[in-house]
Amino acid sequence: MALLELKGVSRHFGGVRAVDGLDLAVEAGQIFGLIGPNGSGKSTTVNLITGLFALTSGSIAFDGRDFGALPTHLRLGRGVARSFQNIRLFGQLTVWQNLWVAQNSPADHAKRGFLSRWLGGQGDVREEISQLLEFSGLAHKQDELAANLAFGEQRRLELARALATRPKLVLLDEPAAGMNNEEIGLLRDRILKMRAQGITVLLVEHVMELVMDVTDRIAVLNFGQKIAEGTPSEIQADAAVRKAYLGGETA
Amino acid sequence: MDFYFGLAQIIGVHTLLGLSAYIVLLTGQVSLAQAGFFAVGAYVAGMLTVLAGWAILPALAVSSLFGGAVACAVGFPALRVKGLMLVIATLAFGEAVRLFFFNFDYQVAKGGVKLGPVGGEGFRQIRYFPEHGWTTMEVMLFIWGFVILAMALLWWFDRSRYGAVLRAVGEDELAAQSVGINLTAVKVSAMTVGGMIAGLGGGIYAHYTTHIEHASFGILLATFALAYPILGGLESVFGTVVAVVFVQGLLVEGLRFLGDWRNLLFGALIVLAMNVRPKGFLDAPALLWIGRIFRGRRGAA
């Protein structure tokens, strides 16, 4: 059974059909790519899965249970975390605090009582946060304000913050945007490490080298509809995909 | 000396009012309802000591709980709206409270005298302190005990995960939701704590002035409540105290010799202060500097 299942999902903004009758099934443990030209509905799909937008029609199930009507923070409680296309950190909090405030998972609830979770000091969780800082290479910046980080570091912190919520599924919305090749290589390693830890990844990305390299399966959107789905090699050979990206008839 | 004790009383009570707005401001909400919670606390505590004959401490505890309960009840609907809409909603609430007390008559005959709130005339004879022989200094120390308690509470919050979450919500609600923070719970809890502090402050205020009336709890007081933490800076609870001393001590009392010119200069000085220190008196660099001085001294000793 798929970890994440979208059935006939639509979101219309007035007359614009940003996402239109989308079916998706992401298996647990997969790295699933979601690609398509600008404006094809990728980010809208991410926002529908996390509950920032309400569904116009259709249903979303996660872990076998419908959750299309849950508010955003409860979807996270079920194990869905995300990063944002335009980075959204808590700029006036330190790097360390950015990870601290994200510890809202049911596992964290089970581990600590209400009072120690909310009014406890930083000592209780030092170890867990150190691991995340190590993972994202930000240990030396832990007391820096998030707003003062360099661009690449901010992207890394956003990923670490998503992981701090102990997710089953992470939605990455264009994590490689604005990165150089070296940084993309490091990002690739991190995504593969996440899968090795048992985290499922939905990767929305324009950098094709990265998508073709890491994903197990890819779905292609155009004008809010799925035009193709398959393994990376199948997608590269697909005529409809070439047409959507390059326009006109393909040779 | 009594003059300075009296001034310290005013500063203490206004600090409580400012702190009640401070915690709500941390979540990015601008609330003009704090004066309303303050008014509720004042009337509740006054009625408990004067009409029910309670001692001051339980009366203040109940006025604080009352303020918190009202803030919680107002918080749920009000915090569904944001920004200017919230300002209007909370302003309307504050005015509703004021008008309620403008029309509120509840008198009981005690020893041949009728006591209790009388609508527009207000509520006179809240004489718990003089009747029990408290000196001005004792009242002042009593007030500052509560101020220190409230500051310690908020200071602790600031260092806990709760404080970090409050600031996270204030910075970016969308990102906060996306890391699993329940916005409603966080905002309403901040509002409730703010309401409790305001209710406590109001209860104390009723007893040191001995006479409260609806007109004291209007938009001006609500504006002061907001002005203190903003002027002092949202980095630390101490900023609010500094701002109250600046406004009540320096501007209101210190400029009294200027007569009518005072009000003009008052506004100008606040504008000047905000221009010189746009992030408040105690912004991040200022706190760092103070921290260094303290550490340096300890190192030398």
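Figure 1. Strand E1 (residues 4–13) of chain A and E2 (residues 16–26) of chain A run antiparallel and are joined by 7 bridges; two strands pair if DSSP finds at least two bridges between them. Helices (H or I, at least four residues) and strands (E, at least two) are DSSP runs, numbered from the N terminus. E1(A) and E2(A) form a hairpin with 2 residues between them, and A:Gly14 in the turn has a positive phi of about 60 degrees. E1(A) also pairs in the antiparallel sense with strand E4 (residues 57–62) of chain A, over 5 bridges. There, A:Ser10 stands opposite A:Ser57.

Residues are numbered from 1 along each chain as its sequence is written, and chains are lettered from A and ligands numbered from 1 in the order in which they are written. In this predicted model, local features need pLDDT of at least 70, side-chain atom pairs count only at pLDDT 80 or more, and totals for chains, interfaces and linings use all residues.

**Figure 2. The open sheet of 6 strands in chain A.** The strand order is E6-E7-E8-E3-E9-E10, with mixed pairing. Strand E6 (80–83) and E10 of chain A are at the edges, each with a single partner strand, so one side of each has no neighbour in the sheet. Neighbouring strands are turned by 20 degrees against each other on average, direction ignored. Strand E9 (residues 217–222) and strand E10 (residues 225–230) of chain A pair in the antiparallel sense over 5 bridges, with A:Ala219 opposite A:Glu229. A:Phe223, in the turn of the hairpin formed by E9(A) and E10(A), has a positive phi of about 50 degrees.

**Figure 3. Parallel strands of chain A and the helices on the sheet.** Strand E3 (residues 31–35) and strand E8 (residues 200–204) of chain A run parallel and are joined by 4 bridges; A:Phe32 is partnered by A:Leu202. Helix H1 (residues 42–50) of chain A lies across E3, E6, E7, E8 and E9 of chain A and runs at about 150 degrees to E7(A). Helix H7 (residues 151–164) of chain A touches E6 and E7 of chain A, and its direction makes about 170 degrees with that of E6(A). Axes are lines fitted to C-alpha atoms, for helices over the stretch in contact, and angles run from 0 to 180 degrees between N-to-C directions.

**Figure 4. The crossing of helices H2 and H3 in chain B.** The axes of H2 (residues 34–50) and H3 (residues 56–78) of chain B come within 8 Å and cross at roughly 145 degrees. Residues of H2(B) that meet H3(B) include B:Phe37, B:Val44 and B:Leu48, and those of H3(B) include B:Leu60, B:Phe66 and B:Val70. Two residues are in contact if their C-beta atoms, placed from the backbone, lie within 7 Å. The contact divides into 12 nonpolar, 5 polar and no charged residues (Ala, Val, Leu, Ile, Met, Phe, Trp, Tyr, Cys and Pro count as nonpolar, Asp, Glu, Lys and Arg as charged, and the others, Gly among them, as polar).

**Figure 5. The side of chain A that touches chain B.** Here 25 residues of chain A are in contact with 19 residues of chain B. Helix H2 (72–78), H3 and H5 of chain A each give two or more residues to this side. H2(A) gives the most, with 4 residues.
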